[in-house]
Amino acid sequence: MKTLGIIGASGHGKVVADIAKKLGYEEIVFFDDNPEVDYCGTYPVVGVTQNIFECNCHAFVAIGNPMVRSRLLEQLEREEKYVPVLVHPSAVVAEDIQLGTGTVVAAGAVINPGARIGKGCIINTCSSVDHDCIVEDYVHVSVGTHVAGTVCIGHHTWVGTGATVSNNVNICANCMIGAGAVVCKDIVEGGTYIGVPAKKK
């Protein structure tokens, strides 16, 4: 039986589980450190995070916080757990796209030719990443976000819901781009950026 263990019994975990089921996983279980959580949707929570290393299953990290996601994914890799790439069947992903380990591409997302997506990324529902973009490790491109062509987004950056990133823009690592923000010039210093045009908070 093809089993997936998911770390993080959350709303995002439900989305990941739904994608995994559509991709043929026959059994899905969750691992979470909150003792009050017994189920994530219809799927059981069978142990705490560290128990996943004792489970004969594939493993996936479904946690929004990029620092936590990176720490756990790197631990899974050190322990040689198999971590898949999960792409919803309705996503449109160009044939030449490189997707890193532990990345999820949600329903309705579009990734156009020449883009490179790092490991542990979230390309969320109905978002788009256009041609020749570089999305580094542990980036979250949120629901309804649009990233134009030839953009580079640095590692551990979170681009908020409905944000827009103009073409040929570089965003450095460790940034938070607010919901609905419009990034139209390079961001060279980590921090939180909001508004139209996006400015540091």
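1. Two strands are taken to pair if DSSP finds at least two bridges between them. In this predicted model, β1 and β2 meet that criterion: they run parallel and are joined by five bridges. Within this pair, Ile-7 stands opposite Phe-31 of β2.

2. The sheet as a whole is open and has five strands, in the order β3-β4-β2-β1-β5, with mixed pairing. Its edges are formed by β3 (39-40) and β5 (58-61), each of which pairs on one side only. In general, the strands of a sheet pair through backbone hydrogen bonds, in either the parallel or the antiparallel sense. The antiparallel sense is found between β3 and β4 (residues 43-47), which are linked over two bridges. Cys-40 has Tyr-43, in β4, as its bridge partner.

3. Five of its five residues are buried, so β1 is largely enclosed by the rest of the structure. Thr-3, Gly-5 and Ile-7 point one way from the strand, whereas Leu-4 and Ile-6 point the other way; all are buried.

4. Helix α2 (residues 66-78) lies across β1 and β5, and runs at about 165 degrees to β5.

5. The length of α1 agrees with expectation, because twelve residues at 1.5 Å a residue should span 16 Å and the end C-alpha atoms are 17 Å apart. The buried residues of this helix are His-12, Gly-13, Val-16, Ala-17, Ile-19 and Ala-20. They cover an arc of only 165 degrees around the axis, and therefore lie on the same side of α1. As a general point, an α-helix has 3.6 residues a turn, so residues three or four places apart point the same way.

6. At its start, a side-chain oxygen of Ser-10 reaches to within 3.4 Å of the backbone nitrogen of His-12. Just after the helix, Gly-24 takes a positive phi of about 105 degrees.

7. Where does Val-37 lie? This residue is in the loop between β2 and β3. Its relative accessibility is 22%, so Val-37 counts as partly exposed; the cut-off for buried is under 20%. Leaving aside residues up to four places away in sequence, Val-37 touches Ala-9 and Val-45. The C-alpha atoms of Val-37 and Ser-10 are separated by 9.5 Å, although these residues are 27 residues apart along the chain.

Methods. Residues numbered from 1 in each chain as written. Predicted model: local features only at pLDDT ≥ 70, side-chain atom pairs only at ≥ 80, totals over all residues. Heavy atoms only, no water. Helix = DSSP H or I, 4+ residues; strand = E, 2+ residues; numbered from the N terminus. Contact = heavy atoms within 4.5 Å. Axes fitted to C-alpha atoms, helices over the stretch in contact; angles between N-to-C directions. Buried < 20%, exposed > 50% of the residue type's maximum accessible area, 1.4 Å probe, protein only. Expected span 1.5 Å × (residues − 1). Arc of directions from axis to C-beta. Polar contact = N/O pair within 3.5 Å; in protein donor to acceptor, adjacent residues only side chain to side chain.
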